[in-house]
Amino acid sequence: MIQFKQLTFSRAGKPLVEGASFQLHPSHRVGLTGANGAGKSSLFALLRGELVAEAGELLIPQQWVIAHVAQETPALAQSALSYTLEGDEELHALQVNLAQAEANGTQDPIQVAEWHQRLADIDGYSAEARASALLAGLGFTQSQLSQAVSDFSGGWRMRLNLARALMCRSDLLLLDEPTNHLDIEAVIWLEGWLSAYRGTLLLISHDREFLDNTVNHILHIEQRQLSLYRGGYSDFERQRAEKLVLQQASYQKQQQQIAHLQQYIDRFRAKATKARQAQSRIKALERMERISAAHVDSPFSFGFRDLGAAPDPLLVINQAALGYGQQTLVKLAHLAIRPGERIGLLGKNGAGKSTLIKALAQSETLLAGERVEGKDLRIGYFAQHQLEQLIAEDSPLMHLQRLDPKAREQELLDFLGGFDFRGEMAKSPCGPFSGGEKSRLALAMLIWQRPNLILLDEPTNHLDIEMRHALSMALQAYEGGMVMVSHDRTLLATCCEKFVLVAEGQVSVFDGDLEDYKQSLLQSAPSAMSEPTSTATKQNAYHQQKADRQARLQARRPLLKSLAALEKQLAELEQTKQSLDSQLAESGIYEASQREALQALLIAQAQNQKQLDTVESEWLSLQEALEALPEVD
């Protein structure tokens, strides 16, 4: 097992974790969570021996084999299969030794026999079949197994690195955002593989459903503390919420105790007869271990701006052939996108989802057919390589000023604050930003332009869980049309009402939801065993499920929109209330010369309170109405 004993570590002079103590066992599959910069990657570096603890101990059994995914892949001439096989270092060493012995005609048959026995012990004779299965699960075709590593793009090389890490017969497996370059099919396969992993797994991921389906513990970094929770991510959220409620109650109780002690000290410190008691209470205050106030506010708060007029339909494509050069990749008979329609694209990587998105965006990949834009169509397009279009020397503020030179600077800064670009960060060059920060900036730029049709190609890459949740909430309230490609099933499930399948060179409506799609993938897999079911029965069930889900969404959407508007109004009224209370707390306002000003403030305070009561009552009524409606799964 792995033991943390009062472990403290920092990076670049920044304290990250202090006094961590717990144990991880071979049966533990652990999701490592925490805000960006909290220390997740540094903890991985510590486990790999690339970072030294400042205090305490980290004990890992000396014989344990640790596997992780390399971040770089050299342009090698060796095949994808050979590269994957080398992930098992002992296997590779045995194969090299045996090959050299055969080539040199060694006279030590006992040594050769021992190597062969060890090869059998580690199941080495089936290694090539296991490596082929790994690569197939991650989306590689049979013909690609013999291709050189250098022939693959960056995303596919990362899949090769993942396959190489999984090939290693490890005791500890470290995976940092393994789903970033995978499609849904590969993610579902990886979930099954990790669920059967027998060693200790530590996994960094911002995909809620992936975490729920793979881990049995959550290790959370917050306020320089490491806390281990039992269960998946949903269990962790519930347990953490309960913990924070208790923490806040303890904090408030302690604050009352501190105030009582301080009141006694202030009252009796100067009295000789009470001095000793006052001193004892001073010492009690000094010894008291302070409880911090619970604080879980998300740094992100944004929504789509008023869209104005929008055509109906927004965009239509008819009898289209999509591809590059003269090569057709996908054929599309008809697709019309209307305001309020939310479409999720399904299909394997390379099937043509991004090609379809590009055709919707600008006709670039339209080889035949027609693409008709509605009047006043405004497209917001987030591409997979959107971050490369940012200007490294320019700040987030400058990027928005370029889009809208007439906008007031303060208005732009307020908007950027919703994406957690505050203070100097909003005015600093974006070149040094992390991938997540650049993604947030690209999304901010898209939203500022008030698109009535948004096209999103893997928008959540590099985004943490809090930002993904904020994006999901904003998309649910968005009134324009939307087409999205994403491997984040939580985002797809909460934001899309219709799914379109891109497969085998064709584009067609998928009759079902994401769970139906997952089941169809499992049933089509060679290892899947299921009883045959009538196709007509399946289709009828799919149609009914789809109709029911759309009806539930349609009933909830106006309530969600009204609630969002009321919450914004409540925030403004609360801000006004605080301002009025602050002014009325000033002693000068009660002087005779300020009588009229005082009267005006009191009237404003009464009106503000009346508005608050009214809006809060409306909010509660809407919330009750929403809770009475069926949930959307």
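How many of the five residues of strand β7 (residues 200–204) are buried? Five of the five, so β7 is largely enclosed by the rest of the structure. Everything here comes from a predicted model, where local features need pLDDT of at least 70, side-chain atom pairs count only at pLDDT 80 or more, and totals for chains, interfaces and linings use all residues. Residues are numbered from 1 along each chain as its sequence is written, and side-chain values use heavy atoms, with hydrogens and water left out.

**View 1. Strand β7 is covered on both faces.** Buried means under 20% relative accessible area, exposed over 50%, and partly exposed in between (1.4 Å probe, protein chains only). Strands (E, at least two residues) and helices (H or I, at least four) are DSSP runs, numbered from the N terminus. In a regular strand the side chains alternate between the two faces of the sheet. For β7, that puts T200, L202 and I204 on one side and L201 and L203 on the other, all of them buried.

**View 2. Strand β7 pairs with β3 and with β6.** Two strands pair if DSSP finds at least two bridges between them. Strand β3 (residues 29–34) runs parallel to β7, joined by four bridges; look for G31, whose bridge partner in β7 is L203. Strand β6 (residues 172–176) also pairs with β7 in the parallel sense, over five bridges, and here L173 stands opposite L201. To get from β6 to β7 the chain goes through helix α7 (residues 184–195), a right-handed β-α-β crossover (with the strands pointing away from the viewer, the path from the first strand over the helix to the second runs clockwise).

**View 3. F140 and F152 make an edge-to-face pair.** Rings of Phe, Tyr and Trp (its six-membered ring) pair if their centres lie within 6.5 Å; planes under 30 degrees apart count as stacked, over 60 as edge-to-face and the rest as tilted. By that rule there are twelve aromatic pairs. In this one the ring centres are 5.5 Å apart and the planes sit at 80°, so it goes down as edge-to-face. Both F140 and F152 lie in the loop between α5 (127–137) and α6 (154–167), twelve residues apart. F140 and F152 are both buried.

**View 4. W193 and Y197 are stacked.** Their rings are 5.9 Å centre to centre, with 20° between the planes. W193 counts as partly exposed at 23% relative accessibility, while Y197 is buried at 10%.

**View 5. Arginines sit over the rings of W448 and F421.** A charge sits over a ring if NZ of Lys or CZ of Arg is within 6 Å of the ring centre and within 35 degrees of the ring normal. R305 has its charged end 3.5 Å from the ring centre of W448, and W448 itself belongs to an aromatic cluster with F302, F415 and F419. For R440 over F421, the distance from the charged end to the ring centre is 4.9 Å.

**View 6. Three strands form an open antiparallel sheet.** The order is β2-β1-β4. β2 (14–24) and β4 (55–59) stand at the edges with a single partner strand each, so one side of each has no neighbour in the sheet. Four bridges join β4 to β1 (residues 2–11), and F4 stands opposite L58 in β4.
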